[in-house]
Amino acid sequence: MNDIILSSATIGVVISLLAYELGAWMKKKFRSGIFNPLMISIVLTIIFLLAFGIEYENYNAGAKYLSYLLTPATVSLSIPLYMKLDLLKKHLWAILGGILSGVLSGMVCILALAAAFGLSHEQYVTLLPKSITTAIGIGIAEEYGGVAAITVAVIIITGVLGNMTAEFVCRTFGIKYAVSRGLAIGTASHAIGTGKAIEMGETEGAMSGLAIAVAGLMTVAAAGVFSAFL
Amino acid sequence: MKYLKQLLIIFLATCIGEMMRFFIPLPIPAGIYGMVIMLLALITGIVKLENVKETGEFLIEIMPVMFIPPAVGLIDTWGLLSDIFVPVIVITVISTFVVMIVTGKLTDLLLSRSKGGADIE
């Protein structure tokens with residue numbers, strides 16, 4: 001089976017896209033937020049690989065070309081932001097203040113819980129950059145002595161969780177403005193959450209994209225202070 | 001030729017971002033540099049919206065599937081994670097909600113207080 005998978009440069013992409021389509025179909029069919037297409041596609045793909053004994057490395061030999069598009073897609077997030085530039089200019093300080101509050105509260109929360117669970121310093125700094133985009137998170141984890149591979153895993157879990165629960169959280173806690181919802185999603189769950197913000201609306205998408213960059217940079221600065229604890 | 005030009009501009013901005021990543025010794029990824037470059041190019045009019053719009057929107061629309069391969073990679077890192085799985089999941093879930101709620105509610109508050117808060121959707 002691994003030979004068959006390796007013989008095709010596109011099969012990893014086909015499996016991934018097909019799994020996502022199935023997830024989207026289930027969401028439509030059952031009309032429930034629990035059926036998150038991204039979560040379903042990840043689970044289905046993992047089941048498929050385990051069921052046929054396919055090595056991750058062999059699947060990823062083709063599937064990596066999907067992830068290859070991530071950097072140009074991140075660059076493209078400037079396009080919806082540009083289209084909402086008037087909002088950014090007008091509410092600049094509220095936007096920066098909102099993102100900063102999220103970054104700091106996240107780190108305080110991780111510090112308090114890490115202490116409560118009796119985690120080691122290494123485990124604590126591994127979790128510290130969990131809400132930001134992978135490329136920055138890996139850098140922070142390595143800089144302060146965390147385990148980058150676990151940081152990546154936790155960043156992905158955070159993103160998928162944000163993607164799954166964003167609509168529920170915004171509704172339950174009555175987050176009023178589209179700008180606030182977008183910033184909340186992007187600050188808490190980076191690009192994976194942003195996928196959901198884009199579905200919710202143009203303003204949400206633009207602000208979530210902005211929050212990825214701003215929260216990422218603020219986290220770099222704040223991690224210098226927070227890494228000194230525990 | 002519309003898509004060709006759009007693809008060229010987006011990849012060019014990405015490429016400039018990657019070069020900046022290489023030359024600037026800061027932990028800032030290429031995508032963030034590229035995002036800033038593209039935003040500045042749009043604001044200054046060096047790049048027109050119509051020359052990046054459709055291809056950019058296509059890439060953004062398909063962005064969720066780009067996370068499937070690294071997320072499936074969890075099967076390889078599971079060994080590292082399984083020992084501390086319970087605290088990690090509890091911390092992840094609580095802190096993600098805290099960040100989302102604090103950011104959303106505080107931005108709401110700041111927007112309501114600022115002048116012209118009423119005209120935001």
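Colleague: What makes chain A a chain of two domains?

Modeller: Chain A of this predicted model is divided into domain 1 (2-70) and domain 2 (78-229), with bounds that come from an automatic or database domain assignment. Residues are numbered from 1 along each chain as its sequence is written, and chains are lettered from A in the order in which they are written. Local features need pLDDT of at least 70, side-chain atom pairs count only at pLDDT 80 or more, totals for interfaces use all residues, and side-chain values use heavy atoms, without hydrogens and water.

Colleague: Why is the pair A:Glu199 and A:Lys27 called a salt bridge?

Modeller: The term requires a side-chain nitrogen of Lys or Arg within 4 Å of a carboxyl oxygen of Asp or Glu. The side chains of A:Glu199 and A:Lys27 meet at 3.6 Å, N to O, so the pair qualifies. Between domain 1 and domain 2 of chain A the count is one salt bridge.

Colleague: How many salt bridges are counted between chain A and chain B?

Modeller: The count there is zero.

Colleague: How do you know which residues of chain A and chain B are in contact?

Modeller: Contact means heavy atoms within 4.5 Å; 93 residues of chain A and 73 residues of chain B are in contact.

Colleague: What area do chain A and chain B bury between them?

Modeller: Buried area is the accessible area (1.4 Å probe) that two parts lose on being put together, summed over both. For chain A and chain B the value is about 7,600 Å², with 82% on carbon and sulfur atoms. For domain 1 and domain 2 of chain A it is about 520 Å², with 60% from carbon and sulfur atoms.
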